[in-house]
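Here are my notes on this model, point by point. Please keep the structure open while you read.

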Amino acid sequence: MPHRITLIPGDGIGPELAEATTRVLDATGIAFEWEVQEAGEATIAKEGTPLPDRVLESIRRNKIALKGPITTPVGSGFRSVNVALRQALKLYANLRPARSMVGVQSRYEDVDLVIVRENTEDLYAGIEHMVGPDAAESIKIITRAASERIARFAFEYAVANGRRKVTAVHKANIMKLSDGLFLESCRTVAAGYEGRIEFEDRIVDNMCMQLVQKPDLYDVLVLPNLYGDIVSDLCAGLVGGLGVAPGANIGEDGAVFEPVHGSAPKYAGLNKANPTALILSGALMLRHMGFVEAGERVEGAVRAVVAEGRRTTYDLGGDAGTSQFADAVIEALGSAAPASARA
Ligand code: NAD
């Protein structure tokens with residue numbers, strides 16, 4: 001039986017990146033059935049919404065989706081499809097690995113971080129109001145249940161992926177109740193992993209400075225929503241930016257794998273954009289499905305092509321198109337050593 005995956009090609013450069021990525025994933029030899037679900041700009045005109053119910057139903061049915069970027073129309077009244085998806089499917093964990101790649105220029109050569117961001121509450125719960133004409137209030141929600149759930153996710157990820165340490169990031173020195181509860185929840189969960197996974201905590205401002213100066217001191221980071229949003233971009237910057245940053249949103253009822261970057265409309269249809277972030281999101285998807293070796297092979301093949309530098313896209317200094325880069329990755333798949341075996 002093929003593995004049925006919901007494929008949301010998305011807007012702008014999304015469809016060509018999705019085409020490149022599904023070709024690479026098919027080349028692993030695993031049998032996939034891609035259930036294509038349009039969402040985004042095109043469906044606004046046809047169906048009156050960027051996120052028709054059939055898309056959510058498809059993900060609920062298949063449990064796994066691979067998603068290209070979707071344009072958020074400015075000022076149209078439609079909410080971000082990405083935020084709506086996370087809420088509708090209760091995708092509580094945002095997972096973003098940030099690992100240096102040979103061939104991608106950045107400040108450090110040996111960054112290997114994994115950011116685990118709580119995706120459902122904190123200041124992003126969307127509870128805000130004006131207090132009179134000249135003041136606004138946003139409410140920060142932190143619950144024990146959601147904090148322990150994300151901490152458990154971070155520790156389980158660490159165990160499953162051979163990581164050594166989890167660092168909880170917070171501002172509990174100032175927000176003693178809300179961030180205090182987050183930290184306390186992380187400590188409670190950490191106690192169950194004592195002797196297996198190291199645990200420590202850092203105040204978020206200090207964490208940002210240390211990540212910029214000494215990223216090699218850290219491993220898996222677990223953060224509430226707002227700090228996670230900001231620190232994960234900082235970490236993407238440490239390894240060469242958004243074009244190569246994969247991501248996943250994982251919940252109890254499903255998981256959506258997508259690149260961090262947006263739909264880059266100016267490059268749409270030009271066979272120019274870099275599919276690395278979506279292909280690496282596909283590698284995360286393979287690991288999540290239990291195809292750990294295939295995930296490592298795909299990541300290893302991408303790393304080999306980028307390191308060699310002959311067939312990279314414009315943003316990495318090459319002149320290959322999206323599909324030529326995918327061809328090179330497929331060729332390398334045949335001979336690629338697993339990513340974890342690479343320096
Ligand atoms: P963007 O990431 O789309 O593009 C910014 C710039 O980064 C591009 O102009 C391009 O130079 C470069 N870039 C991005 N992806 C690239 C790739 N794969 N290969 C090569 N270069 C790449 O950010 P933006 O311009 O702020 O957003 C455009 C649209 O995307 C907006 O509507 C935004 O809401 C949406 N967006 C969607 C998602 C998502 O679906 N998850 C995420 C971010 C932004």
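1. Start with L242, which is found in the loop between α8 (225-238) and β11 (246-250). Helices (H or I, at least four residues) and strands (E, at least two) are DSSP runs here, numbered from the N terminus. L242 counts as partly exposed because its relative accessibility is 37%. The cut-offs are these: buried means under 20% relative accessible area, exposed over 50%, and partly exposed in between (1.4 Å probe, protein chains only). The C-alpha atoms of L242 and E296 are separated by 21 Å. Along the chain, these two residues are 54 apart.

2. A word on the source. This is a predicted model, in which local features need pLDDT of at least 70, side-chain atom pairs count only at pLDDT 80 or more, and totals for chains, interfaces and linings use all residues. Residues are numbered from 1 along each chain as its sequence is written, and side-chain values use heavy atoms, with hydrogens and water left out.

3. Next, helix α10 (residues 292-308), where E293 is found. E293, at 48%, counts as partly exposed. Two C-alpha distances go with them. E293 and A283 are 10 residues apart along the chain, and their C-alpha atoms are separated by 9.7 Å. V298 and L234 are 64 residues apart along the chain, with 25 Å between their C-alpha atoms.

4. Now the ligand. How many residues surround the ligand? The count is 19, and the closest are I70, G262, A264, N274 and Y314. A residue is near a molecule or strand if one of its heavy atoms lies within 4 Å of it. By class, this shell divides into eight nonpolar, seven polar and four charged residues. Ala, Val, Leu, Ile, Met, Phe, Trp, Tyr, Cys and Pro count as nonpolar, Asp, Glu, Lys and Arg as charged, and the others, Gly among them, as polar.

5. Check the polar atoms around the ligand. A backbone N or O atom of G262 lies 2.7 Å from a ligand oxygen atom. A polar backbone atom of N274 is 2.8 Å from a nitrogen atom of the ligand. For E258, an N or O atom of the side chain is 3.4 Å from a ligand nitrogen atom. The protein covers 68% of the 810 Å² of accessible area that the ligand has on its own. Accessible areas come from the Shrake-Rupley method with a 1.4 Å probe; for residues, only the protein chains shown count as cover.

6. T71 deserves a look. T71 lies in the loop between β3 (64-67) and α4. T71 counts as buried because its relative accessibility is 17%. The T71 side chain makes a polar contact with the side chain of S263, at 2.7 Å. A polar contact is a pair of N or O atoms within 3.5 Å; within protein, one must be able to donate a hydrogen and the other to accept it, and residues adjacent in sequence count only if both atoms are side-chain atoms.

7. The structure holds one cavity of 30 Å³ or more. About 40 Å³ of space lies in the largest cavity. Its lining is K67, N82, L85, R86, L91, N249, V256 and E258. The elements that give two or more residues to this lining are α4 (81-88) and β12 (255-259). The largest share, three residues, comes from α4. By class, the lining has three nonpolar, two polar and three charged residues. A cavity is a set of points, on a 1 Å grid over the protein atoms alone, where a 1.4 Å probe fits but cannot get out; lining residues have an atom within 4 Å of a point. Grid points are joined across faces, edges and corners, and a volume is the space filled by probe spheres set on the points.

8. Last, backbone angles. K90 is not a glycine, yet has a positive phi of about 50°. K90 lies in the loop between α4 and β4 (93-99), and counts as exposed because its relative accessibility is 54%. D122, also a residue other than glycine, has a positive phi near 70°. D122 is found in the loop between β5 (112-118) and β6 (128-130). D122 is buried, with a relative accessible area of 0%.

Note on methods. 1 Å grid on protein atoms, 1.4 Å probe; cavity = no way out; pocket = protein on both sides within 12 Å on 5 of 7 lines; lining within 4 Å.
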